[in-house]
Amino acid sequence: MVETQPVRRRTNTGPGRLLIAVYLLFAIAATSRAGLQIATKFDEAPVAYLLSALAALIYIVAAVGLARAGHTGRRVALACCSVELVGVVAVGILSLVDKDLFPDETVWSQFGSGYGYIPLVLPVLGLIWLWRTRRDPA
């Protein structure tokens, strides 16, 4: 009898497609917002606008990692979701504790309240999906 290693399930199938679509939607929204803010009023709140640009970059790379679905794609998506979760929690806390730190909102301000808290929920869903698809249950 030959034993085989469990096969990784693909991250770009089933609910993973919806997750990728939401990441792409947020990539477009955050890129547009950051681009406009950086181009028109960068001197008012440079940290906030650069954080929004960082969030946009993370959303793009996470979407690509989830869509690629291979070993490297999984690792990239895992890193992005982890950094995103730490970022949204850290910026969320800082934006509530010291309102002067962010004179204008970022995508992650107040845990993403301006975007219906989806920036807080999205990396959690991404990490859950990566966990659930880590190995084929059979």
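**Overall architecture and core packing of the predicted model**

From the N terminus on, the elements of the protein chain follow the order α-α-α-α. The secondary structure thus described comprises four helices and zero strands, where helices (H or I, at least four residues) and strands (E, at least two) are DSSP runs numbered from the N terminus. The structure is a predicted model, in which local features need pLDDT of at least 70 and side-chain atom pairs count only at pLDDT 80 or more, whereas totals for chains, interfaces and linings use all residues. Residues are numbered from 1 along each chain as its sequence is written, and side-chain values use heavy atoms, with hydrogens and water left out.

The C-alpha trace of the protein chain spans about 70 × 30 × 20 Å along its principal axes. The chain exposes about 8000 Å², of which carbon and sulfur atoms supply 67%; accessible areas come from the Shrake-Rupley method with a 1.4 Å probe, and for residues only the protein chains shown count as cover. Of the 138 residues in the protein chain, 36% are buried, a term meaning under 20% relative accessible area, with exposed meaning over 50% and partly exposed in between (1.4 Å probe, protein chains only). Contacts are defined by heavy atoms within 4.5 Å. Among contacts between residues at least 6 apart in sequence, 70% join residues at least 24 apart. The side chains include 13 positive and 9 negative ones, and the centres of the two sets lie 17 Å apart. In this count Lys and Arg are positive and Asp and Glu negative, while His and the chain ends are not counted; each charge is placed at NZ of Lys, CZ of Arg, CG of Asp or CD of Glu.

The largest nonpolar core holds 28 residues, of which Leu19, Tyr23, Tyr59, Leu66, Val107 and Trp108 touch the most other members. Such a core is a set of buried Ala, Val, Leu, Ile, Met, Phe, Trp, Tyr and Cys residues joined through side-chain atoms within 4.5 Å. At least two residues of this core come from each of helix 1 (15–41), helix 2 (46–68), helix 3 (71–97) and helix 4 (118–132). Helix 2 gives the most, with ten residues. Beyond residues up to four places away in sequence, Leu19 touches Leu66, Leu122, Leu125, Gly126 and Trp129.

Ala77 lies in helix 3 and is buried, with a relative accessible area of 0%. Leaving aside neighbours within four places in sequence, Ala77 is in contact with Ala62, Gly65, Leu66 and Leu130. Ala77 and Val91 are 14 residues apart in sequence, and their C-alpha atoms are 20 Å apart.

Gln37, in helix 1, is buried at 8% relative accessible area. Its contacts, not counting residues up to four places away, are with Phe42, Tyr49, Ser52, Asp104 and Glu105. Thr106 is placed in the loop between helix 3 and helix 4 and is buried, with a relative accessible area of 2%. With the same exclusion of residues up to four places away, Thr106 touches Arg33, Ala48, Leu51, Ser52 and Val91. The C-alpha atoms of Thr106 and Arg33 are separated by 9.1 Å, although the two residues are 73 apart along the chain.

A search of the whole structure finds zero disulfides, a disulfide being a pair of cysteine sulfur atoms within 2.5 Å. For Cys80, the nearest cysteine sulfur is that of Cys81, 6.9 Å away. Cys80 counts as buried at 10% relative accessibility, and Cys81 is buried at 0%.
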